[in-house]
Every structure is written in C-alpha cells, then in structure tokens.
Amino acid sequence: MTTLPGVYQSHWMETAHAPPRPPLSDDIEVDVAVIGAGIAGLSTAWELARTGRSVAVLEADRVAAGVSGYTTAKLTALHTLIYDRLRRTRGPEGARLYAQSQSEAVEHVARVADELGIDCELERAPAFTYCEDPAGTDGLRAEAEAAAEAGLNASYVDETGLPFAVAGAVRVEDQAQFHPRKYLLALADDVEARGGRIHERTRVAHLKEGEPCRVRTAAGMTVTARNVVVATHYPLFDRAMLFTRLSPRRELVVAGPVEDTRDPRGMYITEEQNTRSVRTAPYGEGRRLLIVTGESFTPGTGDTVERFARLAAWAQDLFVGFGVTHRWAAQDNDPTDTVPLVGRMHPGGDHAYVATGFGGWGMSGGVMAGRLLASLIEGKQLPWAGIYDPRRLKTALREAPEFLKHQAVVGKHFVGDRLRTPTPVSVADIAPGTGAVVRVAGERCAVYRDESGTAHAVTARCTHLGCVVAFNNAERTWECPCHGSRFSIDGDVVHGPANRPLDKRDVEDSREGPG
C-alpha cells in the first residue's frame with residue numbers, strides 16, 4: 001500500500017481549539033432553532049442573536065468541525081467560472097445580484113472580525129481563475145467581461161504570481177482569505193454572550209413543522225421554536241426533495257510550509273487537471289503554509305490514495321521546497337442550476353428554512369446565507385433573495401440537462417452497484433488496513449480489517465436512500481456515491497444526509513462467494 005506523506009489533519013482544526021459544549025439535556029423553547037454549527041448555521045445564529053431573538057444551535061458533532069473546518073477558506077466573489085453562465089441563464093441583473101451578495105459577504109466578514117476583535121488571520125489578496133491550455137482563454141475572457149459587468153473589479157490577465165506560465169486568467173482585486181475556525185469559534189462565543197445556546201453532540205432526528213415547530217433530538221429532547229433553520233450542508237430534512245438537485249463532490253487537500261519568497265501572492269483555481277486550487281496562510285516568521293486542493297471526485301468512487309499522491313506530486317514539482325506536512329479533504333454539493341439554495345425550504349413551509357448547495361464556495365456563501373435567512377425570519381427582503389430561493393422552478397427547468405445528468409449518475413450507482421460482483425469476494429480476502437464490500441449470508445456487508453487483523457463489519461446499504469457504500473482507502477471511511485453520506489468503519493455517521501448509522505454485522509473469515 002502506498003504511504004502518503006504528512007498527517008491526516010486539517011491545519012484549521014490543529015491550530016484552533018475550543019472546550020466542548022454540552023449536549024442538549026432538557027426540553028427548551030426558543031425563537032429560532034438552527035441545526036448545524038458550520039459557517040452557514042453560526043452566521044445565521046449570530047445575525048439573529050444580535051437582534052435580540054433567542055436562538056439554539058444544535059450540532060451533531062463539534063462546532064465548526066465539519067466542512068467548515070476542512071475548507072480552503074477563500075473569501076471571494078470569484079467562483080471559478082460562473083458569471084458568464086449567470087449572464088446567459090439569469091440575465092445581467094441576475095449576475096449582478098449574485099456578485100453583490102457574495103461581495104457583501106466578503107466585506108461582512110471583515111466588518112464582523114473588526115467589530116468583535118477576532119484575530120482570524122484575515123488577509124486581502126487578489127483571486128484568479130486561470131488556465132494553462134490556450135483553448136480555455138476565450139472562456140476566461142468572457143468570464144472577465146461578465147464579472148466586470150456584474151460589478152466586480154475584474155480583468156483578464158496573462159501573468160500571475162504562480163511559478164509556472166498560464167495561458168490566461170481572470171483576476172479580481174481585493175478579495176480575502178482567513179482562518180475559518182478562529183473566526184467561527186469567536187462567532188460562537190458571541191452568540192452565547194448574547195444569550196444564545198449552542199449544544200454539541202446533539203444529533204437531530206425529527207422535525208415537525210407548524211406553529212410552533214418542534215425539533216426532536218436522537219436522545220429524545222424537544223426544542224420548540226417559531227422558526228427552524230436547517231444548515232447541515234446537505235439538508236437533513238428534505239421535504240422539497242432538494243437531494244435531486246444536489247451533486248456531492250469531494251476534493252483533496254495537501255499542505256506544507258514554503259519560504260515567504262515562494263508565496264504566489266493570491267488565491268488561484270483552475271478547472272484543468274481535475275481542479276487545482278492554491279492559496280497560502282501565515283506560518284511563522286519567513287514562511288507561509290501552501291495549501292493545494294484538487295482531484296475532485298464523487299464520494300465512494302476510485303482510489304483516494306492515488307489521488308492524494310497525484311496532488312502531492314503536482315505541488316512538489318511546481319513549488320520549490322514544498323513538502324507535505326498535512327493532508328485533508330473537503331466535501332461540497334453542486335446545485336444543478338448553478339446557484340445555492342437558501343431560503344424557505346418548500347412552498348408550503350413558512351417557518352422552515354434551508355441553506356445548501358454552495359458548490360465549493362461555502363465561506364462567502366455561508367455568510368451570505370446567514371444574512372439572507374436572518375432577514376427572511378425578520379420579515380425583510382434583501383434585493384438578491386430571489387436568485388437563491390429553493391422554490392425557484394424557472395432556472396431549474398432551464399438547466400434540466402444538468403439535473404438529468406445527475407439523476408442518471410445516481411441511478412447508475414443505485415442499480416449498478418447492486419448488480420456488480422464484489423471484489424474481493426470474501427471476508428478472508430480483505431487485507432489488514434483495507435476495506436471492501438462483500439456478500440455474507442446473502443447480504444452485502446461493508447467490511448474493514450484493521451492492522452491487528454480484526455474485521456469490522458456493517459451493512460453496506462446507506463441509511464439515507466439505500467445506495468451501496470464504497471471504501472475510501474485514504475480516509476478509511478465508507479462513502480455513498482449517490483448523495484455523499486459518509487460513515488466511520490464502525491458505521492457511525494460522519495457526514496449527512498444520512499442521520500442513522502450503518503447497522504453492525506457479525507462476520508467470520510468465510511470464503512462465501514458472490515452468490
């Protein structure tokens with residue numbers, strides 16, 4: 001087995017700690033219950049708490065320890081290639097409103113950090129979308145034009161701070177990057193200082209909408225609230241079937257120190273080579289931490305170890321002196337019609353709200369969502385609320401090909417993975433440190449064998465909608481390729497939309513065939 005360099009640990013998680021917060025242990029009543037303590041949930045809770053409303057944040061794990069703790073933490077309104085597409089699908093006004101909402105989110109973080117005195121390593125930097133292939137320059141020129149037309153300080157350039165030549169790039173000035181955990185932990189502290197409650201290790205199991213709404217936790221506690229916000233990255237409750245409009249995507253991250261003189265002085269991304277993203281962060285005197293992201297893939301597919309190795313090799317070949325000290329991974333949901341889904345959850349619900357589908361840009365998107373949801377709950381209407389409304393139909397129908405493509409992929413896994421003959425074909429064939437789906441007593445089981453030789457077995461059917469999970473050999477998790485749920489080797493939920501664990505199974509080292 002390939003040995004990967006560095007430790008599997010997010011730099012943000014390693015360098016920002018917080019004491020645990022208690023699980024919810026009694027029934028409570030608040031104005032607003034927020035499910036999820038990532039950037040969207042905490043931003044929403046903070047915006048509401050500062051208006052005097054009583055807020056309770058319920059987090060299944062730890063605050064800012066999910067997707068928000070494993071991001072690359074770019075704060076920018078330049079989202080790879082989006083403005084030319086928005087100009088064509090939503091018109092120039094739609095593109096302008098998108099740019100306005102995302103730019104305001106960037107500036108909002110800077111204002112809040114200043115107001116609360118948060119040392120979150122906020123730095124101003126230009127953002128770039130680049131290509132190395134000359135065939136991509138026409139698309140970049142169109143993007144630069146559309147972004148400038150939408151109100152961004154955007155231009156087309158053919159030189160960047162990267163240590164290799166590019167064919168062209170879109171450059172947007174005065175964007176930002178920061179330490180997301182330091183920002184969000186301070187935001188959580190201020191929510192509590194304003195009278196809000198935050199409960200960790202509190203998994204929500206049920207939501208009953210109404211007047212009032214009632215949220216029940218897996219431990220049996222009930223939160224009664226006038227309004228409920230579902231900010232769990234992938235919607236935990238999905239009465240509008242938003243999962244049909246979301247495509248999960250996982251990307252890998254490698255990081256390590258470089259000399260300050262090697263800093264490319266900006267934030268960079270390209271769709272080429274299955275995505276390459278570059279930024280740096282403060283890392284002591286005379287050094288910067290180079291953070292490289294890429295190798296986009298659907299959870300539960302392919303060889304993740306090979307992907308990590310390929311990404312590390314790319315960074316080491318191009319950045320002199322770079323060596324991997326840390327590696328981690330991030331997960332995103334791409335909406336089939338380009339724009340996040342933020343607002344009322346479904347047409348019949350006046351008191352249930354959702355924030356999802358940030359498409360890899362959850363830092364600015366999450367802050368935007370917090371402002372938008374708080375305004376809706378207050379009875380106000382921001383000028384750009386309509387473009388994010390989850391109930392929108394016109395754009396969803398206009399971009400139906402992406403929707404149908406996503407459904408075809410889900411259908412392929414839902415049906416095809418059940419018909420495929422497992423490899424290896426028995427528990428005994430699984431080597432230490434590896435996992436596989438095998439058939440045991442007529443049932444597909446997900447089996448991991450640890451280094452001591454002990455087999456850990458769970459059912460292989462995802463508890464969300466029943467797709468067959470697959471083993472991620474680098475992160476040692478079970479992943480669902482249909483909607484992105486992730487589970488530990490013992491079946492515990494790591495990442496939704498699933499909210500129930502995989503049932504454990506007792507297996508022996510049998511030689512049962514694929515049967």
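Predicted model: local features only at pLDDT ≥ 70, side-chain atom pairs only at ≥ 80, totals over all residues.

Reader: At what angle do H4 and H6 pack?
Author: Helix H4 (residues 91-116) packs against helix H6 (residues 180-193) at about 60°, and their axes are 11 Å apart. Helices (H or I, at least four residues) and strands (E, at least two) are DSSP runs, numbered from the N terminus. Axes are lines fitted to C-alpha atoms, for helices over the stretch in contact, and angles run from 0 to 180 degrees between N-to-C directions. H4 and H6 are therefore oblique to each other; angles under 35 degrees count as roughly parallel, over 145 as roughly antiparallel, 65 to 115 as roughly perpendicular and the rest as oblique.

Reader: Which residues make that contact?
Author: On H4 they are Val109, Val112, Ala113 and Leu116, and on H6 they are Tyr183, Leu187 and Asp190. Contact here means heavy atoms within 4.5 Å.

Reader: And how is H4 placed against H8?
Author: H4 and helix H8 (residues 362-377) pack at an angle of about 90°, with axes 8 Å apart. H4 is therefore roughly perpendicular to H8. Among the residues that meet are His108 and Val109 of H4 and Met368 and Arg371 of H8.

Reader: What comes just after H4?
Author: Glycine 117 does, with a positive phi of about 65°.

Reader: Turning to the sheet, what is its strand order?
Author: The open sheet has four strands in the order E22-E23-E24-E25, paired antiparallel. Two strands pair if DSSP finds at least two bridges between them. Strand E22 (470-472) and strand E25 (493-495) are the edge strands, each pairing on one side only.

Reader: How many bridges join E23 to E24?
Author: Two bridges join strand E23 (residues 477-479) to strand E24 (residues 486-487). Glutamate 479 has arginine 486 in E24 as its bridge partner.

Reader: Where are the cis peptide bonds that you can describe?
Author: One joins glutamate 211 and proline 212, with omega about 10°. Proline 212 sits in the loop between strand E9 (204-208) and strand E10 (213-217). The bond from glycine 496 to proline 497 is also cis, with omega near 25°. Proline 497 lies in the loop between E25 and strand E26 (504-505).

Note on methods
Residues numbered from 1 in each chain as written. Heavy atoms only, no water.
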